[in-house]
Amino acid sequence: MAAQLAANDPRHEWHTTETSKLFEAILSLRTEEEAAAFFRALCTRSELEALTHRGQVARLGEAGLPYQAIAAQTGASTTTVTRVAHWLRHGEGGYRLALERTGSRSVQTA
């Protein structure tokens, strides 16, 4: 019997039929209100806050702020800042694509 791979195992296949169905559902949403209703149903408040922090971290990281300043400004942990910075630079391009498409590359800092 083959051992089941843990979700955080680098060999774990994350893009499955079920994730494709989730992405299809997200792509079907037409307005910010529809997206808000869907994500509120899908995620806990803590999960939404974590996703929001990651988006803020990506914008501020792209703007060149130091990690400590990003953590202080967003409330995200330095571990989250480091992880997002890694995925921003070495990931699959999702953060960068979203930043480009939303015009968030030129961010103003507080």
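Let's start at T16, which caps the N-terminal end of helix α1: one of its side-chain oxygens sits 3.3 Å from the backbone nitrogen of E18. Keep in mind as you look that this is a predicted model.

Next, look at what α1 packs against. Two packed helices are described by the angle between their axes and the distance between the axes. For α1 and helix α2 (residues 32–42), the axes come within 9 Å and cross at roughly 150°. On the α1 side the contact is made by L22, A25, I26 and S28, and these meet E34, F38, F39 and L42 of α2. Sorted by class, this contact has six nonpolar residues, one polar and one charged.

Now move along to helix α3, residues 45–62, which packs with helix α5, residues 78–90, at an angle of about 65° and with the axes 9 Å apart. Their crossing is right-handed. From α3, the residues R54, V57, A58, G61 and E62 make the contact, while α5 brings T80, V81, V84, L88 and R89. Here the classes come out as five nonpolar, two polar and three charged.

Helix α3 also meets helix α6 (residues 94–101): their axes come within 10 Å and cross at roughly 80°. That angle is why α3 counts as roughly perpendicular to α6. In this contact, R54, A58, R59 and E62 of α3 meet Y95, R96 and L99 of α6. The class count is three nonpolar, no polar and four charged residues.

How values were computed: Residues numbered from 1 in each chain as written. Predicted model: local features only at pLDDT ≥ 70, side-chain atom pairs only at ≥ 80, totals over all residues. Heavy atoms only, no water. Polar contact = N/O pair within 3.5 Å; in protein donor to acceptor, adjacent residues only side chain to side chain. Helix = DSSP H or I, 4+ residues; strand = E, 2+ residues; numbered from the N terminus. Axes fitted to C-alpha atoms, helices over the stretch in contact; angles between N-to-C directions. Left-handed = near helix turned anticlockwise from the far one by under 90°. Contact = heavy atoms within 4.5 Å. Nonpolar A, V, L, I, M, F, W, Y, C, P; charged D, E, K, R; others polar. Parallel < 35°, antiparallel > 145°, perpendicular 65-115°, else oblique.
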